Amino acid sequence: MLKNYWKIAIRNLLRSKGFSFLNIAGLALGMASATLILLWIQHESSYDTFHEKGARLYELMTNHFADGKWGTGTATPEIMPPAIKKDCPEVEDVVRITWSSSLLFNYKDKAIKAEGSAADTGFLTAFSFPLLKGDAGTALSDPYSIVVTEGMAKKLFGGEDPMGKVVKMDNKENFKVTGVLKDLPDNTQFRCEYILSYNFLTMKGWIDSDWTDVNNRAFVLLKPHTLPESVNARLKGMIHQYSGGKTTTEAFIYPLNKMRLYSDFEDRKPSGGRIVTVRIFGLVAGLILLIACINFMNLSTARSERRGKEVGVRKVVGARKSSLILQFLCESLMIAFISGVLAFFVVQWSLPAFGKLTDKQLAPGYANPYFWLCALGFVLITGLLAGSYPAFFLSSFRPAAVLKGVGVRIHALLTPRKVLVVTQFTIAIVLIVSSLVIARQIQYAEDRRTGYDQHNLIYMYLEGDIRSHFPAIKQALLQSGAVSAVSMTTSPLTQTWSRGSSLSWEGMAPNTHISFIRTGSTGGIVKAAGLKLADGRDLDVYTYPTDSSACLLNETAIKMMGIKNPIGQWIFDDPVKWHIVGVVKDFVMGSPYEPILPLIIKGPKFYMSTMHIKLNGEHPTRENLAILEKIFKTYNPAYPFEYHFIDADYAYKFNNERLTGKLAGLFAGLTILISCLGLFGLAAYMAESRTKEIGIRKVLGASAVRISLLLSSGFVRLVLIAIAVATPIAWYVTYKWLQGYSYRVSIQWWWFAAAGLTAVGIALLAVSAQSIRAATANPVESLRSE
């Protein structure tokens, strides 16, 4: 019997090639789209879940009370991990790791730049990054040891065995290679080509002993069967205790495997994170697959009149309803299987482009038998879902009715088919509106006044001999005519490297806790960045030697501190007392979606790591950069000339939202395409079922245009209903999404109108071909049997 079912299914596929193509193409597109999204979700969910001790690994985090509310971050006091080991017996190990930095490494005549960090000795035993060579327990014990990745070893040593080789770092220190790591996967938060020993930093005396300064990262490995709550109880007051009560910052540990998706906090409690985006796209994957299944249902039931007589004959000769259901399910499973194979090739073809779009190395696990088991289950579920309604619908026909040509009611006010089409376009309109809102939110943030001039502004890191030769370099740059201003700074204007709430001042109200962004400049930053002064002057240690302990504040800081006449007043931040010489107007240094935070720009007594250069706008950028390269090659010959444009750095802040917008737009387009296939199926059904009605209308004098409008109006009504249903849903979804941004665009009515008009236009395009074809058909052909 099953063999007979498969034969009938193949005959029906070949008999109606056009409808078979639409069925298979719609399902294949839906399955391929859902598969790509699921691969992306699987990748996002796999971050740092591969560590053998992952269930006991936690990231050390801090809660800080400032500006009247609690904030949460991953930066912690660098001196804290040794105290945790001493005070918390439940802890097996605490591993510090510095923020990633780019350093120069030399071996013989080769020199390369590489990104990496310094980490405590236990890093390689706590985390499961495969060590191809060396001992994980001792590789980072010696202060002058270095572990390199396989990729870095090939670039630096070629075919030589890297173990035991000595490399020079930054033309200063020699390090011995004690281990080779397999290249780190991209589903981890760590980005390292090399790992230095933290013992080197300790030996150099570079450890920050200030308990109020949160500027480092650390990870805690608990002993087996330890509850994190017991450790958190000990950690909560540790910073307050060791700082002598200077800060209210609280410490706690948070599971490492949750950091990727659940990293947002509100009032010291987890409040989501990337999991929101993952869930949204998971829902989109399900909706796209549902739309594809709805297409199958519409296209299958659109042939109901032709298949109805077949059902009637089969029932007359004794076929049961259950056997007919099984037959139609077999047909849908066959189409689903063919669609699944086609979707497999679509995924393979589009995977490189999709991986480039998402900046992920997405790869299906073909070697894993569970992958094929899941793929088979995915196809079966899709086939059963898509074929369920047609199977029950067609098998329910009454033989007497269908054999007489009466068929089923098609002009009812409410039919399952109409509900399905409304559902399709509701989903499509919600996705269109979402794409519009994301695009407008990005544009709104990009149009925000940054408060400084990004044009022709570059920054460089103080590598090699740049720091020691800075006065000469600055003079050479200014004399060259290629630049108009130069300033040595703590960090790039687009990045926040240090925050602290330990600052105090005269007249400070009791229980005041303000978290300041802390950066520094030797002077000239106002001119270089085009900042605006609200009061006072810029820092200038060459004209005013005492400016080494001077500072600038932004307007937000002055307002929150409650200082009326700031110039000349003092700010205390152990161990330095800073005097205010100027107030700059607010500018965006952090997220473009968030309010401007209080900022202090300290003089040269604060550490400096970068320099900002304003290029001369009267000369071509290429010529300016060529002059700069010659100057830096003169004073810093061992290092390649590397620079970064501030405007490019600022644009990078929008990458996550741009990715979300691109994905939403891409899948909204696919949803519309698949929905149009569904409308085409419904139009075909309409044309087939109303052939004689159209013929009679033409005989009675109706024009082709009038008939086309009559046939199209029904679809327009369905789309208008979808617009009415989708509007409140889209408003709620976009409203909730925008709440995640303090600086956000206001929802506009015309976005919904634009999405609705787009849906109506696409619907008319989809059904116009069938409507015109039916309206121009010869009535003699349709009425011949009468």
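Two strands count as paired if DSSP finds at least two bridges between them, and strands (E, at least two residues) and helices (H or I, at least four) are DSSP runs numbered from the N terminus. The model is predicted, with local features needing pLDDT of at least 70 and side-chain atom pairs pLDDT 80 or more, while totals for chains, interfaces and linings use all residues. Residues are numbered from 1 along each chain as its sequence is written, and side-chain values use heavy atoms, with hydrogens and water left out.

**Exercise 1. Describe the pairing and the side-chain pattern of strand 23 (residues 570-573).**

Step 1. Start with the hairpin: 2 residues join strand 23 to strand 24.

Step 2. Classify the pairing. Strand 24 (residues 576-584) is antiparallel to strand 23, over 4 bridges; Asp 573 has Val 576 as its bridge partner in strand 24.

Step 3. Look for another partner. Strand 19 (residues 504-505) also pairs with strand 23 in the antiparallel sense, over 2 bridges, and Trp 505 has Ile 571 as its bridge partner.

Step 4. Assign the faces. Ile 571 and Asp 573 point to one face and are buried (under 20% relative accessible area, 1.4 Å probe, protein chains only).

**Exercise 2. Characterise the second largest pocket by its volume, lining and helices.**

Step 1. On a 1 Å grid over the protein atoms alone, a pocket is an open set of points with protein on both sides within 12 Å along at least five of seven lines; a cavity is a set where a 1.4 Å probe fits but cannot get out, and lining residues have an atom within 4 Å of a point.

Step 2. Take the volume, the space filled by probe spheres set on the points, which are joined across faces, edges and corners. For the second largest pocket this is about 740 Å³.

Step 3. List the lining. There are 24 residues, and Thr 35, Phe 371, Cys 374, Ala 375 and Leu 376 lie nearest the centre.

Step 4. Locate the helices. Helix 2 (17-45), helix 11 (321-358) and helix 12 (369-395) each supply at least two lining residues; helix 12 gives the most, with 8.

**Exercise 3. Find how many cavities of 30 Å³ or more there are, and what lines the largest cavity.**

Step 1. The count is 1 cavity of 30 Å³ or more.

Step 2. The largest cavity holds about 60 Å³ of space.

Step 3. Its lining includes Thr 489, Phe 587, Met 589 and His 612.

Conventions
Buried means under 20% relative accessible area, exposed over 50%, partly exposed in between (1.4 Å probe, protein chains only).
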